[in-house]
Amino acid sequence: MSIDLAITGGVIVTPDGLHRGTLLVADGKIAGIAAVDDSVDAAQTIDATGQHILPGLIDIHCHIRAPAYPQRGTVASETRACSAGGITTVFEMPITNPCCNTPEQVVLRRDHFAASAHVDFGLYGAPLSLTEVAVDALADSGIIAFKIFTTPAPPGREVEFAGLAWPNEADQFRALQLIARTGLPVVVHAESAEILAAAPQLDQTDGRSHGLARPPLAEALAVAKLLTMNITAQAKLHIAHVTSSATIDILRQFSGTSDFTAETCPHYLRYTEEDVVRVGVAAKINPPIRHAADRAALWQAIADGVITLVTTDHAGFSAAEKADHADNFLTAPPGHPGTECMLPAMLDAVAQGKVTLVDVMRLLCKNAATRFGLSDRGVLASGRRADLIMVDMDAQTRVTETSLITTAAPVARLSHDEVFRGKLSRSFLAGQTIWDSIPTGLATGRFVTPKGPQ
Ligand SMILES: [Zn+2]
C-alpha cells in the first residue's frame, strides 16, 4: 500500500489511551499506526512532535440556517469556522426559512451545502405531519436524524418551526412512536410549554429574567415526560442541551428504562448566570445558562456517563439583530456562536483536570459517531476516515472578536477576550489539511447519511 501521509512524533488519542506512534493515511483513510522506530515511506510527512492527535470533532448540534439569513453566516463561512474549531463533521438543525421538513427541502439544502461545505455535513429533518408516510419519506431522504421541540413556535417564526414545534403531549408521543419505526435518532429540545407560558412579569432588562422565565423545572418536567413516553415508544431519544441539576436527576432516575442519551454544551459547562448579566442579550441562549451548582452537576454527569455528548448549539445572529433588542431579554433572539470555542473550552477543562483527553475524544467524537451510526469515523483506527486534528496542550487559544471566522463573531461575546489552555494546530478532512492557522480553502465536505457519505 502506498502511504499518502505520515504524521510522526505525536501522541495518538484512542479509546484505550494515549499512544506514541506514526499515524499513516492512504486514500483518505487511516492505514494504520506504525511504531515510533518504524521507517515509513510516505508521499508527505508531518512532524507532530509535542502534539496530540485526535479524530476530527463531530458536532451534532449546529444552526447555520443557510440558504436563509446570510447575515448570520453562510455555508462557506460557518463550515470554515468549523474547520478552525476542529470540527470535521457537522449536523445542521432544520430551523431555517422554510423549515427543513420535507424530502424536497432536504434535497435543496443538501445541494446548497454540498456546493461550498468545508467539512462533512448531515441534515436534520422535522416531521411536517405526524403520519407514517411523511415520517418515512423524510427518513428515506437521507436525514441524519429527526428534531422536534416540546415548545410552540416563537411568535413570528412559525414558518421556521413548521413540523418542529409539538407542544401537545399526545403529539410528542406520536412523534416518538413514528420515528422509532425508522430506526433514526430523534433529538428533542425539551422545555415545558405550560411552565414557560406561566412565566412571571419580570424586568426584561435584567439578565436574570431569562433564567426565571425559563426555569430548570421547565426542562426537567419536559424531559421526565419524554422519558416516560419513551418507555413505551422506544425511540432512539436524544435530549439536546441539558442545563440543570434538576434535569440530571431525572436522567439518572430513568436510567435503563429506554434507549436515551443526553448532551450539554460548553457554555453551560463554563459560564453562569453572572456571565449572562455581564454580557447582556448576546448571552441569551435557550435554555438559559444557569448557576454554579448546575454547572458542577453537569461536570459530574459527564464523569458518571449520564451526559455522553458535548455539542456547540452554534447559533449566530447579526450584531444588529441582537442590538435591536439590547435591553429586552424577552424579545432578543436566542443563541450564541460556539463552533470555534468548543474544542478550546474542552482542552482547557483537560488542563484544569476536569476531564482527560480520552474523555474529550469520547464526548466530541466517538460517542456522536456511535449514536448517529457513523461507523466510518469518530475513532483513530485502521479503515476509518482520516478526519484528524492536531492539538498543542502547551499553547493557548486567545479569542478576540477579530480572531473568529464565523460571520457571527461580533455577537460571540461570551468568548471575546477568553484565554483557553490548549490550542488547535491543524485540521484534516479525509487526510487533506483544511485548517492550518487559517482555512486552506479546500471545500470538499460531503453529505453524510446514516448509510455513510453520499
Ligand atoms: Zn439548537
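The chain contains 14 helices and 22 strands. The model is predicted. The chain is divided into two parts, domain 1 (3–53 + 384–440) and domain 2 (56–371).

**Overall form**

- The radius of gyration of the chain is 21 Å, which agrees with the value near 22 Å that a compact globule of 454 residues would have.
- Along its principal axes, the C-alpha trace extends over about 70 × 50 × 40 Å.
- Of the 454 residues in the chain, 55% count as buried.
- Among contacts with a separation of 6 or more, 74% are between residues 24 or more positions apart.

**Domains and their contact**

- Domain 1 is made of residues 3–53 + 384–440, while domain 2 covers residues 56–371.
- The centres of domain 1 and domain 2, taken over C-alpha atoms, are 26 Å apart.
- To the contact between them, domain 1 gives 32 residues and domain 2 gives 41 residues.
- On the side of domain 1 that touches domain 2, the elements giving two or more residues are strand 3 (17–20), strand 17 (388–398), strand 18 (419–429) and strand 19 (432–436).
- Strand 18 supplies the largest share of that side of domain 1, with six residues.
- By residue class, the side of domain 1 that touches domain 2 has 21 nonpolar, eight polar and three charged residues.

**The largest nonpolar core**

- In soluble globular proteins, nonpolar side chains tend to be buried together.
- The largest nonpolar core of this chain has 142 residues, and the members that touch the most other members are I53, Y124, L176, I179 and V186.
- Helix 7 (residues 216–233) gives the most to this core, contributing nine residues.
- Both domains take part, since at least three residues of this core come from each of domain 1 (3–53 + 384–440) and domain 2 (56–371).
- Y124, one of the residues with the most core neighbours, is in contact with F91, E92, M93, P94, C100, I143, I144, A145, F146, K147 and V187, leaving aside neighbours within four places in sequence.

**Cis peptide bonds**

- Most residues other than glycine have a negative phi, and most peptide bonds are trans.
- The peptide bond from N97 to P98 is cis, and its omega is near 0°.
- P98 is located in the loop that runs between strand 9 (87–92) and helix 2 (103–114).
- N286 and P287 are likewise joined by a cis peptide bond, with omega about -10°.
- P287 is part of the loop between helix 10 (273–279) and helix 11 (292–304).

**Positive phi values**

- D27, a residue other than glycine, has a positive phi near 55°.
- The loop between strand 4 (22–26) and strand 5 (29–34) holds D27.
- D27 counts as exposed because it has 12 C-beta neighbours inside 10 Å, and the limit for an exposed residue is 12 or fewer.
- Y69 is also a residue other than glycine with a positive phi, near 55°.
- Y69 occurs in the loop between strand 8 (57–63) and helix 1 (75–84).
- Y69 has 19 C-beta neighbours inside 10 Å and therefore counts as partly exposed.

Conventions: Residues are numbered from 1 along each chain as its sequence is written. This is a predicted model: local features need pLDDT of at least 70, side-chain atom pairs count only at pLDDT 80 or more; totals for chains, interfaces and linings use all residues. A nonpolar core is a set of buried Ala, Val, Leu, Ile, Met, Phe, Trp, Tyr and Cys residues joined through C-beta atoms within 7 Å. A residue is buried if 20 or more other C-beta atoms lie within 10 Å of its own, exposed if 12 or fewer, and partly exposed in between; C-beta atoms are placed from the backbone. Helices (H or I, at least four residues) and strands (E, at least two) are DSSP runs, numbered from the N terminus. Domain bounds come from an automatic or database domain assignment. Two residues are in contact if their C-beta atoms, placed from the backbone, lie within 7 Å. The radius of gyration is taken over C-alpha atoms; the globule rule is 2.2 Å times the number of residues to the power 0.38. Ala, Val, Leu, Ile, Met, Phe, Trp, Tyr, Cys and Pro count as nonpolar, Asp, Glu, Lys and Arg as charged, and the others, Gly among them, as polar.
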